[in-house]
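Hello,

Here is the structure I promised to pass on to you. Please have a look at it first, and then read my notes below.

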Number of protein chains: 4
Amino acid sequence: MIEVGIVGASGYTGGELLKFLNNHPQVEIIAATSRQFEGVPIHKVHPHLRDMNIQFENIQPGDLDADLVFTATPHGASMKIVPEILETGARVVDLSGDYRFDDYDVYEKWYGFKHTHPLKAVYGLPEINREKIRGADLVANPGCFPTGGILASLPIVSEGLVDTLIIDSKSGVSGAGVKPTEKTHYPNCSDNVSPYAVTSHRHMPEIQEKLGNFGDVRVSFTPHLVPVTRGILTTVHSFLKEDVSSDYIKEVYDNFYKDEPFVRVLDVSEVPGLSSVRGSNYCHIGCFDIDENGRLVVASSIDNLVKGASGQAVHNMNLMFGFPETEAIDQMGMHP
Amino acid sequence: MIEVGIVGASGYTGGELLKFLNNHPQVEIIAATSRQFEGVPIHKVHPHLRDMNIQFENIQPGDLDADLVFTATPHGASMKIVPEILETGARVVDLSGDYRFDDYDVYEKWYGFKHTHPLKAVYGLPEINREKIRGADLVANPGCFPTGGILASLPIVSEGLVDTLIIDSKSGVSGAGVKPTEKTHYPNCSDNVSPYAVTSHRHMPEIQEKLGNFGDVRVSFTPHLVPVTRGILTTVHSFLKEDVSSDYIKEVYDNFYKDEPFVRVLDVSEVPGLSSVRGSNYCHIGCFDIDENGRLVVASSIDNLVKGASGQAVHNMNLMFGFPETEAIDQMGMHP
Amino acid sequence: MIEVGIVGASGYTGGELLKFLNNHPQVEIIAATSRQFEGVPIHKVHPHLRDMNIQFENIQPGDLDADLVFTATPHGASMKIVPEILETGARVVDLSGDYRFDDYDVYEKWYGFKHTHPLKAVYGLPEINREKIRGADLVANPGCFPTGGILASLPIVSEGLVDTLIIDSKSGVSGAGVKPTEKTHYPNCSDNVSPYAVTSHRHMPEIQEKLGNFGDVRVSFTPHLVPVTRGILTTVHSFLKEDVSSDYIKEVYDNFYKDEPFVRVLDVSEVPGLSSVRGSNYCHIGCFDIDENGRLVVASSIDNLVKGASGQAVHNMNLMFGFPETEAIDQMGMHP
Amino acid sequence: MIEVGIVGASGYTGGELLKFLNNHPQVEIIAATSRQFEGVPIHKVHPHLRDMNIQFENIQPGDLDADLVFTATPHGASMKIVPEILETGARVVDLSGDYRFDDYDVYEKWYGFKHTHPLKAVYGLPEINREKIRGADLVANPGCFPTGGILASLPIVSEGLVDTLIIDSKSGVSGAGVKPTEKTHYPNCSDNVSPYAVTSHRHMPEIQEKLGNFGDVRVSFTPHLVPVTRGILTTVHSFLKEDVSSDYIKEVYDNFYKDEPFVRVLDVSEVPGLSSVRGSNYCHIGCFDIDENGRLVVASSIDNLVKGASGQAVHNMNLMFGFPETEAIDQMGMHP
């Protein structure tokens, strides 16, 4: 049994963390912090958690006495609290972008400000860093697009089958967070599809850095907002350097992911669906079709709030504390 | 004043044709045919056309006595009736894929059957064939994806700035037609994004053939179904052969389309929206962003049933009969 | 030809007014005002109006020199500017709630503040006030729910067939306006249905007062927000005082609305659809079913931004200035 | 540990049953039958159940050797197989309408055909029949609308506070089942709200019969289809016979449901949301507002596939076999 705190528990990822941790037999939630909602029962913000008897508290991160703290705080905010949490002896899974980069220069270039507390962290994508995560004190939980994009690309990059990737992602609106904006105003995003941060999204360098460790590859990335609540469908286009078949490609993926508890490799021409993974920690990967120009199409689906955020964070916790990997996050998707 | 017939008037494109033609001061609709709905008032099928006092009739295409016939019939069906309509002396705008290809071998390869009546037709994309359309007896109305994809790519292909295009399109469900299927079942396509015909869609060779007339280019194409009723958002990814700026690219588009009544070139980094063109015959083109790898992103939006089908068909009619180009199809989009 | 100004032109109703007036052969738009967007081309706010070459201006309402001014301003704001506009000699169609009530005490009770400039106005529902509107200087454009609710109820109230109405309305999100809020945040309203202001909505007394002029009736009203962009579906439940048939009821509606250009009475058991009226000024009324308890169900559909707001405002203008009633607002719905 | 079979496992309710039973520590699924999909792995039909290693089988219901059989078969089909399953010694939870009525004359009137095997069954709404369910061999699982409608009305009917109910329900499209139809075609139900079976829905007499056991009440019911995948929001309008307050009403509900594991009574004016119960077996009940006419509004939300079907069926199983009531169905909702 470990004691766990959640800093910034009023957002969508906070709500998901609370739900998963509530079902975890070896976890006791000792605090869910929120400055804005201090003293408010969590179900006023997370209406589906009516049966959890917890209130938001306004505790200074450094005053938490926990074995593990999840920091579900914005970019730029995490770096200000993670060091003091580590000093209390707690381990940390940070859900912001602050500790995802090995190269802090890249961070500063793309996030546009100075990193005040660069620390050594482990990038928490279990499929590439399982062993390092087990021993880590600070795990940087991956971005949602990188999770879907890296998993869809990793086997072909590792095998050296491609050197250029065009990643065209379609994200549900919950990815934009809990705060209403022009972009998330129903009449603006319903019945619409919007490319955004077309060549400047911060998840691009994250994908580039991580895949770069596995092969020489040039990543181009464009996200789109689609009228979907949860889920990211990522389409990876790449030109094969060798004349191989779809069956061969599928085999490469099968081998690469054969022991992974949360990655499922579909059949050739089988299309991953968002409902297949909705509410679940799974990533489905499929298509593997190749056109006359030698372009390979691989598509992946994840739930951006689960495998793309809180589910993966709990997966990291399970690894860090030696719990069964799938504990509390083994539910299947929701279709329809 | 011309007399116009619509063969296959019970589908979505038939409904749009009826609506546009009803507003056209120089057109009299003499027949709207449907075998299935013979004798039924059109508003039982097209509930928004309650004020048009027309019934579906089951007339043999060769018995129509019209100046112009729109054939809104499926692939493979049009080729069986277009020749007999032409023999009556009527001119034809065909909305199927049957007459879109110059090279009938390509047609037969991708459509999977023998073309029984190959005829010389003009490809009805006014932006490339305006003059030929004026004199044509048979105009092949372009596919919806090719309309959005070609218009988004034409200027850079013409200028020789690129040699490879990856076209990633997102289409509303009305593009799948009026007939309910697994794919169009609400619980299957709501809250979902589905790539389909990932490397095998018939609109790919259509885009390839038409763009190929303007430059040496290799087209890769993947469509996606998105939970939107009307509209196609097309994202064109390409690697620039020269080091030019976004402003330069925008200028190329501005010049190319400066006299076009239905194409609007947006600002650099401005994103085309589906509501901007919903219900209208416009095509909006924007983005023009370039990333560090020299990848250019251009995005276009159209209403698949208007600029992607019936509006463009009326545009072709206006050209063929010397009417003002924008007559009856000059309405603006619908936002929100 | 008349000169028309729009005060508060940056909201959804402003956008619709601009679009309709732009197509009106006897109207010149002399000003579209907005404090927030002064100097900005309207298409930056209304992306579908790219082809209208107009900028928002920050003009004091009293400085407008127009024949007619539409005030698309919030409740409480209209009352402050309408008097000074009237003093310039212009006539006014006000789209707020400020001048909808004959009884200003009712207004003050339900709107919660003192009315500073109570004036004599005509309630602009042409179906009940056509002649008075023609001669009016100040027309109060009806609320969206009252438009759909009154039209669905008027014939049976006039005939004295019912004395109690339960009006259960389902509204699209554009009715909540252009400003993002918790309620309009996509993840909150997508895949959801929310009753709101369940017994306290300001449109209830408006419906009550207007129907009360036609018969002794007690109105209960509850609106719901549904994941739809445009449109209101109103279901009116009432217990018939006499044992009459559905056919009889339909006849009552047919007779009542037989000369109305924008009301369509459907068949018994025929259900009005939102797409039938989307983007149009029509109101469709149908159902007329009666259950074993003598409960009658009548349902109506309107586009909340057109018949429920800007289209009806233009209809009022047409009446006030002797233009053809349907000028510029005669387009049909958009299905799908 | 019991052995359980599911007859008709390829529909949405079959998929939900499979998912819940898979998580039940005391259940072994011995068969999932489907004639259409014989030999097909279930994940080809239920893409979210990829990790369950089960194939559909075509077994005659009478050949099943189970402790419990769920019959997720259509109305009229269940009555043909339930008797032979009971003869094998298995107990049955039937999800069709065939055994929901005490009065088979009412069944035959509303379902339009003769019941060939009328049997004594227990109506499986645990909130009213908990004890009878424990001992039953045949449980008739309630309809989705009756579940939401009865639970929202039961306390005030029991207390004799009302004598007439107008139940206006809004249902997600998954309620129409897995088979594509005109009604479920995305372009028809997206951006639309449709009343249907306005005075003739078969769930009306079901609600009437069950509530009638608790008080003298007249039920009027109208369902609507809304563009939502899962969920039913039910609005109950009724005129109070006595002058009581909202707080009093809430107290009545609190007392009535105080020991219920799956019913949650919200605060006065608090609105139940579909996301609060999505994927869960909860029913949320709220509003309790009263207007000037003495009309009370109570609203309830359920997931039509869980509390409205498969979750409730598992709840019934838990009762029948003495398992903990919430076993395998205790997950919380999914928001957003």
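**Between chain C and chain D**

Four salt bridges are found across the interface of chain C and chain D, a salt bridge being a side-chain nitrogen of Lys or Arg within 4 Å of a carboxyl oxygen of Asp or Glu. One of them joins C:Lys170 to D:Asp168, with the closest N and O atoms 3.2 Å apart.

Please keep in mind that this is a predicted model, where local features need pLDDT of at least 70 and side-chain atom pairs count only at pLDDT 80 or more, while totals for chains, interfaces and linings use all residues. Residues are numbered from 1 along each chain as its sequence is written, chains are lettered from A and ligands numbered from 1 in the order in which they are written, and side-chain values use heavy atoms, leaving out hydrogens and water.

Chain C brings 47 residues to the contact and chain D brings 47 residues (contact means heavy atoms within 4.5 Å). About 3,700 Å² is buried between the two chains, and carbon and sulfur atoms give 59% of that area; this is the accessible area (1.4 Å probe) that two parts lose on being put together, summed over both.

**A:Cys144**

The UniProt record, an unreviewed entry, places the feature "active site" at A:Cys144; such annotations may be inferred rather than shown by experiment. A:Cys144 counts as buried because its relative accessibility is 14%, and buried means under 20% relative accessible area (1.4 Å probe, protein chains only). Leaving aside residues up to four places away in sequence, A:Cys144 touches A:His203, A:Ile232, A:Ile302, A:Asn304 and A:Gly308.

Best wishes

Key: Buried < 20%, exposed > 50% of the residue type's maximum accessible area, 1.4 Å probe, protein only.
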